[in-house]
Amino acid sequence: MKKKVFITGVLGQDGANMAEYLINNTDYDIFGMIRRSSNPNFINCKSFLKNSRFKLVYGDLSDSVSIDSLVQEIQPDYFINFGAQSFVGCSWEIPLQTFDTNATGVARCLEAIRKHRPTCRFYSAGSSEEFGDVTYTPQDISHPIRPRSPYGASKAAARHIVKVYRESYNLYAVHGILFNHEGTKRGEEFVTRKITKGVARIKKAIDNNKAFDAIELGNLDSKRDWSDSEDFIDGVWKILNQERPKDYVLSSNETHSIREFIELAFKAAGIQGAWHGKALSEEYSATTEYAIKHDLNSSVLVKINPKFYRPAEVDLLLGNSCPAREELGWSPKTSFENLVNKMVENDLLCS
Ligand code: GDP
């Protein structure tokens, strides 16, 4: 009989990339869970929504009855939990919902598997945000758990409950600790997509001789270890298909600042810029030469808006994914520069 994979969060970046990957690389049937919402957005699922091996099912991580009956009915061989309140920035505004979905939600999935399908392999989507206030660099799987946001705390709790269920009930349950991963399906509230969408909007305005507003951002000093989500999906599948369950870190093993991302993104659109000013007055503006050549009225491309600062920040993330590379034979294919170029090119086409 064909194997069955159950994916939560299938409308999001990672869920959609995973469904696409499994359609292309296996003959398994895929069940994608979505919440009953008045206006679901299927933009990330265009390539597989009508595929005969893909089926949408309704459920909610905050509702144990729905998770329970889905696991009982479908009897999945794999349960991949990408459903989450995935945005760190708003986790201070909705801390309880964040915790309920991201931590208690994982316990609901594990309970359903324990009761109805104990042979099912379970993947829990962990995050480098669990490391938070880092004590050493690069961060590996043994780095202490020191989250700085309700989001980070919720993912840390998920990691603990996965370990407890794995050891108590002998389940194949793993928690992958993934550093930041982006791409053309990334939500627009994340800084990378906010920048690439903003660059595309500004480029279009310049090409049409129109005025434009600068992209408004918060803290430009933080550094992140960014990779391509599509590369990570292959790693997640390998983590799920080991002989024995074991947690791994996936990362690019490089770190870059928000400033570097901005510079590369404008460069990818052919816009030349330079930094001026300090702290809250810092701006990234078109160079004088570029502004004159393109007859710009305003040359400010990026400026600071303090409302995008967070109550507590994770200043630096840099992963060490050597064990995953050596033991799983996994490695990321897309460089940082190629990732930025790919995201800008996509947004230039779509804008
Ligand atoms: P995160 O690492 O999961 O929190 O991913 P984000 O893309 O949301 O944020 C990455 C970094 O960008 C964080 O350090 C943010 O503080 C910083 N940042 C600066 N300006 C912005 C902004 O306007 N939006 C977001 N989302 N992040 C910003």
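This is a predicted model: local features need pLDDT of at least 70, side-chain atom pairs count only at pLDDT 80 or more; totals for chains, interfaces and linings use all residues.

**Exercise 1.** Describe how helix 3 and helix 4 are arranged, and say which residues make the contact.

*Solution.* 
Step 1. Start with the two quantities that matter: packed helices are described by the angle between their axes and the distance between the axes.
Step 2. Helix 3 spans residues 95-116 and helix 4 spans residues 150-169. Their axes come within 8 Å and cross at roughly 15 degrees.
Step 3. Angles under 35 degrees count as roughly parallel. Helix 3 and helix 4 are therefore roughly parallel to each other.
Step 4. List the contact. Helix 3 contributes residues including Phe-99, Val-106 and Leu-110. From helix 4 come, among them, Ala-157, Ile-161 and Tyr-165.
Step 5. Sort the contact residues of helix 3 and helix 4 by class: 15 are nonpolar, three polar and three charged.

**Exercise 2.** Work out whether helix 1 and helix 6 are roughly parallel or roughly perpendicular, then describe their contact.

*Solution.* 
Step 1. Helix 1 covers residues 13-25, and helix 6 covers residues 229-240.
Step 2. The axes of helix 1 and helix 6 come within 9 Å. They cross at roughly 65 degrees.
Step 3. The range 65 to 115 degrees counts as roughly perpendicular. That makes helix 1 roughly perpendicular to helix 6.
Step 4. The crossing of helix 1 and helix 6 is right-handed.
Step 5. In helix 1, Gln-13, Asp-14, Asn-17, Met-18, Tyr-21 and Leu-22 take part. They meet Ser-229, Glu-230, Ile-233, Asp-234, Val-236 and Trp-237 of helix 6.
Step 6. The contact of helix 1 with helix 6 holds six nonpolar, three polar and three charged residues.

How values were computed. Residues are numbered from 1 along each chain as its sequence is written. Side-chain values use heavy atoms; hydrogens and water are left out. Axes are lines fitted to C-alpha atoms, for helices over the stretch in contact, and angles run from 0 to 180 degrees between N-to-C directions. Helices (H or I, at least four residues) and strands (E, at least two) are DSSP runs, numbered from the N terminus. Angles under 35 degrees count as roughly parallel, over 145 as roughly antiparallel, 65 to 115 as roughly perpendicular and the rest as oblique. Contact means heavy atoms within 4.5 Å. Ala, Val, Leu, Ile, Met, Phe, Trp, Tyr, Cys and Pro count as nonpolar, Asp, Glu, Lys and Arg as charged, and the others, Gly among them, as polar. A crossing is left-handed if the near helix is turned anticlockwise from the far one by less than a right angle, and right-handed if clockwise.
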